[in-house]
Each structure stands twice: as structure tokens, then as C-alpha cells.
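Please look over the sequence and the model first, and then follow the text from the helices to single residues.

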Amino acid sequence: METAFSIADGIYGSCFFLATGFHGTHVAVGATFLFICLLRIFFYHFNKQHHVGFLAAAWY
């Protein structure tokens, strides 16, 4: 609503909205991953030998 271009205006609009969508998806998946890790921490699913899920979430 506030931009002067749309997804149909050419390569700039297409790239802008594609990148914005990918970024939003990345943030949503990362937040979900970290929330699941928080729940697993509350239920003591991690220890010194078993913490790959947390490392994957921190790296992602």
C-alpha cells in the first residue's frame, strides 16, 4: 500500500517481494525452532552429550 511499485512492475518489484517473503519465512522458521528448543530446555532434553538440536537452532 505504501510503495510506488508492485510485484508486476518488473524485476525490482519481483526481487523485492521475493526477498521480503524469504526473509519472513526465515524469521518464522527460526523463531519456531528456538521456541521448540526452549520447551526442550524446560523438559531437560539437553545435556552435555546430547544438545545437537540446540546447536542447529543457534547456527540456523
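In which kind of crossing, left-handed or right-handed, does α1 pass α2? The crossing of α1 and α2 is left-handed, where left-handed means that the near helix is turned anticlockwise from the far one by less than a right angle, and right-handed that it is turned clockwise.

The model is predicted, so that local features need pLDDT of at least 70 and side-chain atom pairs count only at pLDDT 80 or more, while totals for chains, interfaces and linings use all residues. Residues are numbered from 1 along each chain as its sequence is written, and side-chain values use heavy atoms, with hydrogens and water left out.

**Overall form**

The protein has two helices and zero strands; helices (H or I, at least four residues) and strands (E, at least two) are DSSP runs, numbered from the N terminus. Its radius of gyration is 18 Å, whereas a compact globule of 60 residues would have one near 10 Å; the radius is taken over C-alpha atoms, and the globule rule is 2.2 Å times the number of residues to the power 0.38. Along the principal axes, the C-alpha trace spans about 55 × 20 × 10 Å.

Of the 60 residues, 8% count as buried, where buried means under 20% relative accessible area, exposed over 50%, and partly exposed in between, with a 1.4 Å probe and protein chains only. The protein exposes about 5300 Å², of which carbon and sulfur atoms supply 74%; these areas come from the Shrake-Rupley method with a 1.4 Å probe.

**The helix pair**

Two packed helices are described by the angle between their axes and the distance between the axes. The axes of helix α1 (residues 11-42) and helix α2 (residues 52-59) come within 9 Å and cross at roughly 150°. That angle makes α1 roughly antiparallel to α2, since angles under 35 degrees count as roughly parallel, over 145 as roughly antiparallel, 65 to 115 as roughly perpendicular and the rest as oblique. The axes are lines fitted to C-alpha atoms, for helices over the stretch in contact, and the angles run from 0 to 180 degrees between N-to-C directions.

Where the helices meet, Phe 33, Leu 34, Cys 37 and Arg 40 in α1 face Gly 53, Phe 54, Ala 56 and Ala 57 in α2, contact meaning heavy atoms within 4.5 Å. Leaving aside residues up to four places away in sequence, Phe 33 touches Gly 53, Ala 56 and Ala 57, and Phe 54 touches Cys 37 and Phe 46. Phe 33 is partly exposed, with a relative accessible area of 32%, and Phe 54 is also partly exposed, at 37%.

| Pair | Apart along the chain | C-alpha separation |
|---|---|---|
| Thr 3 and Gly 13 | 10 residues | 9.8 Å |
| Phe 54 and Val 29 | 25 residues | 14 Å |
| Phe 33 and Gly 53 | 20 residues | 8.9 Å |
| His 51 and Cys 37 | 14 residues | 9.8 Å |

**Outside the helices**

Thr 3 lies in the segment before α1 and, at 40% relative accessibility, counts as partly exposed. The loop between α1 and α2 holds His 51, which is partly exposed at 29% relative accessibility. Tyr 44 is found in that loop too, and it counts as exposed at 74% relative accessibility. Most residues other than glycine have a negative phi. Phi of Tyr 44, however, is near 55°, a positive value in a residue other than glycine.
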